[in-house]
Amino acid sequence: MKAREEEIARSLEGNWQEDLLFMLKQEQEGYEFCQKQMSECDERLQQYLRQREDRSKGAKLPEENRKERLRKNKTNKPRFDLRTELFRMTGTDLTQIDGIDVRTAATVISEAGWDMSKWRTEDHFVSWLRLCPDNRVSGDKVIGKRRLPINNRLSVAFKIAASTLRQSNTYLGAQFRRLKTRLGPPIAIKAMAAKLARLVYRMMRYGMRFVDRGAEFYEAQHRRRQINSLKRKAANFGLKIIDAPAA
């Protein structure tokens, strides 16, 4: 509050209508009731997580140094350290993946569990999420494409997480923007949601660590792929490319 205490006290003085005061009282009581219910839910969730087996094997939770994550102060967030409890329960920190916050990580655990061996490969996991293409194939040729209806809470969470990569200055953010430009937002979001699902599968099943290499690395990698593609096309036409000396 920027106003001084005296100014706030003066603003509360006036001729108030009785019906509006009654409505305000009900709104305040309703707000306090909802806060109490959420607090009790958080307490029960914390008790449940503490009863689960510790799979961290004594490992320490990675320190969060990303400024954009430290700045975020979401309302109605859990009233306990959910990230630490999830790490102790699974042995991996899914929030290291760009776009995956602690709420998305909790959705992964609640919907899919911590044991990814239920799916033989990451492709099976993506197929279960219905984030894979639904191509109609005849004679080894794709003759049509359809959109799979999605009613899986985890699939929706992955798509929401993918949409947050629009302005992310990370490797995944640069990849999302490239797909968005080439394929359009809906397809790009679904493709990146499948990418996030694959990363989650690898981390939880094989203990893979996620390391962000940055947007600049992705752009340089993409440029090298374009140059190599142009060289192959030129070679097919019988042309020879001579690299110009560096300035």
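Helices (H or I, at least four residues) and strands (E, at least two) are DSSP runs, numbered from the N terminus. This is a predicted model, in which local features need pLDDT of at least 70, side-chain atom pairs count only at pLDDT 80 or more, and totals for chains, interfaces and linings use all residues. Residues are numbered from 1 along each chain as its sequence is written, and side-chain values use heavy atoms, leaving out hydrogens and water.

**View 1. Lys57 in the loop between α2 and α3 (67–71).** Here is a residue other than glycine with a positive phi, near 55 degrees. Lys57 is exposed, at a relative accessible area of 82% (exposed is over 50%, buried under 20%, partly exposed in between; 1.4 Å probe, protein chains only).

**View 2. Arg130 in the loop between α6 (122–128) and β1 (134–138).** Phi of Arg130 is also positive, near 60 degrees, and this residue too is not glycine. Arg130 is partly exposed, with a relative accessible area of 33%.

**View 3. The buried residues of helix α2.** Take a look at Gln35, Asp42, Gln46 and Leu49, which are buried. The buried residues of α2 pack against α4 (82–90), where contact means heavy atoms within 4.5 Å.

**View 4. Helix α8 (residues 171–183) packed with helix α9 (residues 185–206).** The angle is about 145 degrees and the axes are 7 Å apart; axes are lines fitted to C-alpha atoms over the stretch in contact, and angles run from 0 to 180 degrees between N-to-C directions. Among the residues that meet are Leu172, Phe176 and Leu179 in α8 and Ile187, Met192 and Leu199 in α9.
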